[in-house]
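Have a look at the structure, and then we can go through them together.

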Amino acid sequence: MMYPPEPFKIKSVETIKMTTKEERAQVLKEAGYNTFLIPSKKVYIDLLTDSGTSAMSDHQWASMMIGDEAYGGSENWYHLRDAVQEVYGFEYVVPTHQGRGAENLLSQIMIKHGDYIPGNMYFTTTRTHIELNGGKFVDVIIDEAHQPEIELPFKGNVDLKKYQNLIDEVGANRIPYICVGVTVNMAGGQPVSMENLRKVKEISEKNGIKVMFDATRCVENAYFIKEREPGYGDKSIAEILKEMMSYADGCTMSGKKDCLVNIGGFLALRDQDLYEKATSLVVVYEGMPTYGGMAGRDMEAMATGIYESLDFHYIEHRIKQVRYLGDKLDEAGIPIIKPVGGHAVFLDAKRFLPHLSQDELPAQALSAEIYLDSGVRSMERGIVSAGRDEKGRNRYPKLETVRLTIPRRVYTYSHMDVVADSVISLFDKRNSIKGLEFVYEPPVLRFFTARFKPIE
Ligand SMILES: *Cc1c(COP(=O)(O)O)cnc(C)c1O
């Protein structure tokens with residue numbers, strides 16, 4: 001089926017409120033034209049992120065009721081650990097409050113000053129933790145990932161030649177691990193093929209480099225492998241996931257995405273030595289190694305979510321609902337990143353607003369305009385998110401995008417229609433959209449809290 005119907009029925013509803021355009025203009029001004037700073041009650045359809053915004057199932061809500069809130073050895077911890085071992089196949093699990101908690105631990109235990117960490121395109125919090133620990137992130141994704149109009153089935157793949165070149169150039173002993181995102185968020189939710197993962201593992205093993213996955217979106221990646229890679233069409237999502245993970249020495253996970261919960265995460269490892277280092281740090285930053293910043297009930301809901309995410313009908317609907325929005329925009333001639341990835345539709349702001357230079361923050365400006373037009377909240381993923389380099393200069397990413405991120409199991413196809421109509425109507429009057437400039441710029445991860453004003 002092209003766009004399968006929702007594989008769930010609705011048991012509880014949350015009313016959303018429509019605002020007027022005048023109201024939204026005021027809200028936008030008060031929020032410094034940064035969609036992160038808009039109060040959620042002023043948002044109609046919230047596509048800011050799919051992080052922690054999933055709707056939990058009745059079974060997950062039931063899980064919340066059996067929370068064992070013991071400081072040490074909570075029953076729910078054992079359930080979570082067992083789920084991670086069974087579904088992802090890693091022996092050692094360190095719970096954390098969310099994905100970046102795991103990134104912090106991994107970066108601290110593995111990176112020495114002056115090390116290089118290759119990866120298939122940066123992610124904001126991942127790179128920040130690498131840099132805070134004295135490492136240098138090196139992008140080894142295939143070139144095509146930086147080109148929005150090129151269609152490839154596995155546009156998140158590691159460029160093996162770039163990876164090998166880095167090893168030859170700096171020496172394997174300066175590369176503690178390669179970080180492989182499955183899927184690649186910043187490239188548009190693009191997947192990595194099984195074949196590529198296998199080869200990355202081969203090269204890494206030969207050179208004594210560990211492979212660490214950013215497994216945040218691994219179920220989406222597994223779906224794409226099933227859909228697109230020869231030999232995997234008849235395999236279950238669970239089987240594909242297991243094989244993917246067999247090519248990694250460990251992973252960081254933001255449970256707020258593919259584990260279908262509102263908060264939580266973990267670091268998973270195969271190496272006992274690394275595990276012991278991580279547990280000695282988790283008590284400093286997160287909590288006991290049997291809760292890591294989560295309540296017992298949160299761990300139980302995540303364990304349940306990990307199993308639910310393996311359901312083919314769930315993940316098929318999730319991917320195809322995103323694709324529905326993308327196809328609708330594409331058919332109307334809106335420039336988007338292609339092919340449409342796993343969790344979001346990315347508008348190509350450079351082609352949407354060609355009259356603005358990248359210094360005029362086109363993606364930030366476009367996300368503000370979309371909110372003003374319809375109350376739909378999106379996120380900038382361009383020059384503002386890319387931040388500054390070590391010399392304090394702006395980074396100029398090739399991709400300047402607005403991300404329309406679809407929460408899991410929350411909205412229907414009719415909501416997608418509203419979003420598409422708003423974007424299409426703005427495209428018709430795109431020449432009137434003005435750029436933005438900073439009025440406040442925080443030193444790290446500036447996109448979260450920066451403030452802007454229109455350039456007159
Ligand atoms: C969200 C995300 C993270 C960070 O996880 P948090 O739970 O937000 O801390 C890391 N990597 C990717 C790919 C993500 O999407």
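In this predicted model, helix α7 has the buried residues Met-194, Asn-196, Leu-197, Val-200, Lys-201, Ile-203 and Ser-204. Among the elements that cover these buried residues are β5 (177–181), β6 (210–214) and α9. Helices α6 (160–170) and α8 (218–228) belong to that cover too.

How are two packed helices described? The angle between their axes and the distance between the axes are used. For α3 and α9 the angle is about 90° and the axes are 8 Å apart, so the two helices are roughly perpendicular to each other. By class, their contact has four nonpolar, one polar and two charged residues. The table lists who takes part.

| Helix | Range | Residues in the contact |
|---|---|---|
| α3 | residues 75–88 | Gln-85, Glu-86, Val-87, Tyr-88 |
| α9 | residues 237–246 | Leu-241, Lys-242, Met-245 |

Finally, let's turn to Lys-257, where an unreviewed UniProt entry places the feature "modified residue: N6-(pyridoxal phosphate)lysine". Lys-257 sits in the loop between β7 (250–254) and β8 (265–269). Is Lys-257 buried or exposed? With a relative accessible area of 9%, Lys-257 falls under the 20% cut-off and therefore counts as buried. Leaving aside neighbours within four places in sequence, Lys-257 is in contact with Asp-50, Ser-51, Ser-54, Thr-216, Arg-217 and Arg-408.

Definitions and conventions
Residues numbered from 1 in each chain as written. Predicted model: local features only at pLDDT ≥ 70, side-chain atom pairs only at ≥ 80, totals over all residues. Heavy atoms only, no water. UniProt positions renumbered as here; feature names shortened; annotations may be inferred. Helix = DSSP H or I, 4+ residues; strand = E, 2+ residues; numbered from the N terminus. Buried < 20%, exposed > 50% of the residue type's maximum accessible area, 1.4 Å probe, protein only. Contact = heavy atoms within 4.5 Å. Axes fitted to C-alpha atoms, helices over the stretch in contact; angles between N-to-C directions. Parallel < 35°, antiparallel > 145°, perpendicular 65-115°, else oblique. Nonpolar A, V, L, I, M, F, W, Y, C, P; charged D, E, K, R; others polar.
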